[in-house]
Amino acid sequence: MQNPFLLPRNGSIIKMQVDSGFNATKKYKSANKTNTVAVNFVPRMFLLFSCWFVSLLGVVSLVRTIPDLSLPTSIEAVKKQAIILETYSNGTWEGYIHMVAVFSIIYVWKQTFSIPGAIFLNILAGALYRPLTATILTSMLTAIGASCAYLLSKFIGQPIMDQYLSDKLNLLRKQVDEHRDRLFFYLLFIRMFPLSPWWLLNLAAPLLYIPVRTFFVSLFFGSIPYNLACCQAGDILSELTSTADIWQPVLLLKMIMVSLLSLIPPLYSKKLKEWTELRTKTGHDIIV
């Protein structure tokens, strides 16, 4: 029977010291990683908040340059703002250009910081311009604003996204890597599909190693169906009572069908590539 007052053997002492050292090192690395994330998190969040606050002051100042102008948050507010802006812009060319500039800056600002309510600006654009002109304008502004969100996420939000959205990012990285050869059409499909979370893709795109040019072009074309539906609704603004009047089942079905059509080119190119590789391999085998 071992005497409980005797010290353990040297081997046991060494093992205990190694385990203790390993655990201490593991805890140190974990604590060091947490501290690093905290150090990166605080100044970047402060910088992000500063950018938002300064830009908010600029937007408020711009809104005040047009009498009685405000950001619409309902269909009734859109109707009132449409009358105000039509009256203001029909006076002179300077008023028209001023209105377009203010509208564009506000639109880009909302897209940059993923602020809800862009649908009301789309409807307002449809009421002020022809549906086709309004669709092209809003699609371009959508792409510009989302690209600004892309850059903010790349230079400011990367450690924040990695820390708090790591699971979603890993899932998206896996999906993007599977479609890397047909990335443009894959992004086009996601943008055209009416239930896709655009704000998440805007913020996650730089962390998924999506080139900004591909991101911009796919967003411009991918946002056209959605913006067209909203701008056409703005063309008949007097008949609308709520945003639910826009999203009829038939319209949603059409948007889904259009998004599915965007998959035809990548599927065709994939089949063509497989057929070419099979033919090359078969021809090689015959020659050998």
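## Cores and helix packing, talked through

Trainee: Which residues does leucine 237 touch, leaving out those up to four places away in sequence?

Mentor: In this predicted model, the list for Leu237 is Ile75, Val78, Lys79, Ala82, Ile123 and Ala127.

Trainee: What makes those count as contacts?

Mentor: Contact means heavy atoms within 4.5 Å, so each residue on the list has to meet that cut-off with leucine 237.

Trainee: Where does Leu237 sit in the largest nonpolar core?

Mentor: That core has 34 residues, and Leu237 is among the members that touch the most others, along with Leu85, Phe103, Ile123 and Leu124. Helices H1, H2, H3, H4, H5 and H11 each supply at least two of its residues. H4 gives the most, with eight. There's also a second, separate core of 21 residues, which includes Met161, Leu183, Leu187 and Ala205.

Trainee: Which residues of H2 are buried, and what do they pack against?

Mentor: Ile75, Val78, Lys79, Gln81, Ala82, Leu85 and Ser89 are the buried ones. They pack against H3 and H4.

Trainee: Why are H3 and H4 called roughly antiparallel?

Mentor: Their packing angle is about 155°, with the axes 10 Å apart. Angles over 145 degrees count as roughly antiparallel, so H3 and H4 get that label. H3 passes H4 in a left-handed crossing. On the H3 side the contact is made by Met99, Phe103, Ile106, Tyr107, Lys110 and Gln111; H4 brings Ala118, Leu121, Asn122, Leu124, Ala125 and Leu128.

Trainee: Last one: why is leucine 56 called partly exposed?

Mentor: Leucine 56, found in helix H1, has 22% relative accessibility. Buried means under 20% and exposed means over 50%, so at 22% leucine 56 lands in between and counts as partly exposed.

Trainee: How many residues apart in sequence are leucine 56 and tryptophan 109?

Mentor: They're 53 residues apart in sequence, and 8.4 Å apart in space, C-alpha to C-alpha.

How values were computed
Residues numbered from 1 in each chain as written. Predicted model: local features only at pLDDT ≥ 70, side-chain atom pairs only at ≥ 80, totals over all residues. Heavy atoms only, no water. Core = buried A, V, L, I, M, F, W, Y, C linked by side-chain atoms within 4.5 Å. Buried < 20%, exposed > 50% of the residue type's maximum accessible area, 1.4 Å probe, protein only. Helix = DSSP H or I, 4+ residues; strand = E, 2+ residues; numbered from the N terminus. Axes fitted to C-alpha atoms, helices over the stretch in contact; angles between N-to-C directions. Parallel < 35°, antiparallel > 145°, perpendicular 65-115°, else oblique. Left-handed = near helix turned anticlockwise from the far one by under 90°.
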